[in-house]
Amino acid sequence: MRAEGAGRRLSVVVVDQVLSGASNILIALLSAHLLGTAAFGYFGMILVIYAAAQGVNRSLVGDPLMVHPDDARHRAGAPISAALIVGGAIGALVAAIGGVFWWLDVPMGVELVILGAGLPGLILHDLGRYLGFATQRPWRSLWLDLLWLVLILGVVGVLLVRDVESLPWFTLGWVGSGVAASLLVFAQHRPRLAGGRAWLRERWYYSWRFLLSFVALQGSTLGFSVVIAVVAGAKAMGAVRGVLLLLRPYMTFQTASVAAGVAEVANDPDSYRDGGHLRRTVIVSLAVAAVNAVILLVLPDALGRLVLSDTWDATEALLLPACVQILALGLIAGPRAHLIGSKAVSVTVPIDIASTVVTLVLGTIGVFIDGAYGAYWGVSSGSVLAALMWWSALSIRSRTPARHRVEPTP
């Protein structure tokens, strides 16, 4: 019965993540339709800044909350307050930069002020999704994403009717609808807002490690992009970007499966011994990875060009190493969820950093050997080695007596 419930929850989490990913793609397409080329590029930067702020908050609040689900269940006001503190601090910085840009008449000034003012609400919305996962009520997360999607579609409809092609208005509509949707978090959890700073201090043992993993991953991604662009040129960079776009559905699913697995293990510590959640996560992740790989390998050229336009021809050559990569990621999802859910952050963070460094080094070597093709084989090889690291760590930890596996607390 417990396994059936876990399976249903995983299904809802997957639907929510797919909806969230599809919403992001839809917003990008709508902005491309409503805005000019330059404004579309600026809005893309707004989304990048938001994603960075979201990643910081997930590291400091969302991920520690996932491995301490009792906090979400019994004192939701503390992590919600913590998220508002983090969102407020980042928002104030973004708004201040926007104010300087506005004063200097530099593009994006107004939009950054709008984003900064709305960041606490946007961060709250994202945390609400994590609260749903942590409390094993992913339907709440799904309702949050559905509400934001409905509101933004309504706003875009108004802009289309009124023929408004303005980046500030589009940004205001996107931010405002997200903030409005975030109010549902208060109705879902009825929190008593207090103790945010104390909660951040209490969970600091976990949060700084999650933040370190996030910074390492983002830094390596940026560095790898620069290497490809400088060494192999813009065409190679476009080919890699095309592959990343095609892999996004699976990346969305992997995030969902890991989140669901972490929540299940954290809420049911006995599952570490019986391995039920581990087997389920591995089987489902590998099955979806295999299906995604087959679809990519048999994708007709006509459909590929419809999605990626002229970039398809360069991207098509990278699909085989890309399929190897997603199969390796499918192998990683299970042990990653299992180790994080069992609070083994002293194990998971070094693996994250080591695998990031290995992937970056192999990808960079590949760029010098054979451009984009060599780069992606390097990345895929790094993912395979990362899978070996995760399974080795899980094997070692499973043989360690329970009294020696307890993570120290501050």
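I began with tyrosine 50, which counts as buried because its relative accessibility is 8%, where buried means under 20% relative accessible area, exposed over 50% and partly exposed in between, with a 1.4 Å probe and protein chains only. I note that this is a predicted model, in which local features need pLDDT of at least 70, side-chain atom pairs count only at pLDDT 80 or more, and totals for chains, interfaces and linings use all residues. Residues are numbered from 1 along each chain as its sequence is written, and side-chain values use heavy atoms, with hydrogens and water left out.

Aromatic rings. I searched the whole structure and found 7 aromatic pairs, taking rings of Phe, Tyr and Trp (its six-membered ring) as paired if their centres lie within 6.5 Å, with planes under 30 degrees apart counted as stacked, over 60 as edge-to-face and the rest as tilted. I looked at tyrosine 50 and tryptophan 174, whose ring centres are 5.3 Å apart and whose planes stand at 85°, so the pair is edge-to-face. This pair links distant parts of the chain, since tyrosine 50 lies in helix 2 (residues 37-66) and tryptophan 174 in helix 7 (residues 167-182), 124 residues apart; I took helices (H or I, at least four residues) and strands (E, at least two) as DSSP runs numbered from the N terminus. Tryptophan 174 is buried too, with a relative accessible area of 4%. Both residues belong to a cluster that ring pairs build from Phe43, Tyr50, Trp148, Phe170 and Trp174.

Charge over a ring. I found the charged end of arginine 209 over the ring of tyrosine 205, 4.1 Å from the ring centre, the criterion being NZ of Lys or CZ of Arg within 6 Å of the centre and within 35 degrees of the ring normal.

Helix 4. I checked the span of helix 4 (residues 77-103), whose 27 residues reach 38 Å from first C-alpha to last, close to the 39 Å expected at 1.5 Å a residue, the expected span being 1.5 Å times one less than the number of residues. Its buried residues include Gly77, Pro79, Val86, Gly91, Val94 and Gly98.

Positive phi. I noted that aspartate 105, which follows helix 4, has a positive phi near 60°. Methionine 108, in the loop between helix 4 and helix 5 (109-134), has a positive phi near 80° without being a glycine, and counts as buried at 13% relative accessibility. Arginine 190 is not a glycine either and has a positive phi of about 45°; this residue is in the loop between helix 8 (184-189) and helix 9 (196-202) and counts as exposed at 71% relative accessibility.

Chain end of helix 17. Serine 398, in helix 17, is partly exposed at 46% relative accessible area, and its C-alpha is 9.8 Å from that of leucine 339, 59 residues apart in sequence. Arginine 399 is in the segment after helix 17 (345-398) and is exposed at 61% relative accessible area; between arginine 399 and serine 31, 368 residues apart in sequence, the C-alpha distance is 52 Å.
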